[in-house]
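Thanks for coming, everyone. Let's take a quick look at one model together.

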Amino acid sequence: MKKKYPVILSFVLCIVGIVAACCFHGYVTADTVSAWHKVLFSSSVILAVGGFVAGIVNLLPDRKPTSIRTLAMASIFAALCYVGCTYFKIPMPGSTSFFHFGNTFCVLAALFLGGFWGGMAGAIGMTVSDLFNGYVDSAPRTFILKLCIGLIAGCIAHKVFHIAESRDSRKIPLPVATVIACSAGMLFNVIADPLLGYFYKLYILGIPQNIASSLAKIATIPTAVNAVVAVIAATLFYLALRPALTKANLMPRL
């Protein structure tokens with residue numbers, strides 16, 4: 001009974017977001033579109049996705065309450081994702097795509113915090129980066145993709161390989177498990193980013209098919225490079241930080 005009202009509220013927000021997105025969709029696909037219409041449309045899509053995710057989470061079996069430590073670390077990783085995506089980036093000539101380190105911190109957050117909070121940290125941090133740095137059209141797509149990256153990497157890391165447990169409880173070495181988990185999350189992104197970007201530009205933004213297809217092909221290169229960098233960097237960071245955080249008793253209890 002206690003979960004009934006949060007579930008209802010979450011799906012109400014989802015429906016409101018969908019309705020608002022439909023209302024603003026006509027403005028976004030027009031020949032001349034204002035920045036405010038882009039922001040309102042992107043915010044509506046994010047509200048719809050966020051409401052849907054919150055509703056699904058509230059329908060899951062009861063879990064132990066989220067600790068303040070986990071929330072604090074999720075906030076820190078969200079900030080790191082924002083910084084990595086905003087200030088540590090290299091634009092790709094002739095395209096809106098760019099090389100950045102945001103994905104590195106998204107995957108790293110999933111390793112430390114688990115799939116949900118790691119994905120939320122990446123989704124919030126890099127979506128805010130899009131909204132404040134001229135990539136408003138990409139913000140809804142960014143939210144969905146980064147959330148999925150965290151969910152996949154975190155699920156494999158903690159549900160399959162149990163990397164948070166002691167050495168005796170793990171079936172394969174920690175470095176191998178970390179690389180596999182990171183690779184799974186980033187492999188999803190390499191496939192889904194251009195694919196979702198193509199359909200998003202074609203059906204949501206109303207971009208002609210040939211242009212949407214060309215942009216998707218161009219985005220494949222920086223997406224693949226970002227994936228390789230994220231896997232290597234996140235693995236090294238995790239293996240370096242884990243002993244120190246464990247010794248200081250700062251590792252989140254998953």
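Which residues touch the most other members of the largest nonpolar core? First, the ground rules. This is a predicted model, where local features need pLDDT of at least 70, side-chain atom pairs count only at pLDDT 80 or more, and totals for chains, interfaces and linings use all residues. Residues are numbered from 1 along each chain as its sequence is written, and side-chain values use heavy atoms, leaving out hydrogens and water.

Now the core. A nonpolar core is a set of buried Ala, Val, Leu, Ile, Met, Phe, Trp, Tyr and Cys residues joined through side-chain atoms within 4.5 Å. Buried means under 20% relative accessible area, with a 1.4 Å probe and protein chains only. The largest core has 35 residues, and Phe-77, Leu-108, Leu-111, Phe-112, Ile-163 and Tyr-238 touch the most other members. Helix H4 gives the largest share, nine residues. Helices here are DSSP runs (H or I, at least four residues), numbered from the N terminus.

Take Leu-111. Beyond its neighbours within four places in sequence, its contacts (heavy atoms within 4.5 Å) include Ala-157, His-158 and Tyr-238.

Next, H4, residues 102-113, against helix H6, residues 139-160. Their axes are 8 Å apart, at an angle of about 40 degrees. Axes are lines fitted to C-alpha atoms over the stretch in contact, and angles run from 0 to 180 degrees between N-to-C directions. Among the residues that meet are Cys-106 and Val-107 in H4, and Ile-149 and Ala-153 in H6. By class, this contact has eight nonpolar, four polar and one charged residues. Nonpolar covers Ala, Val, Leu, Ile, Met, Phe, Trp, Tyr, Cys and Pro; charged covers Asp, Glu, Lys and Arg; the others, Gly among them, are polar.

Notes: Helices (H or I, at least four residues) and strands (E, at least two) are DSSP runs, numbered from the N terminus. Buried means under 20% relative accessible area, exposed over 50%, partly exposed in between (1.4 Å probe, protein chains only).
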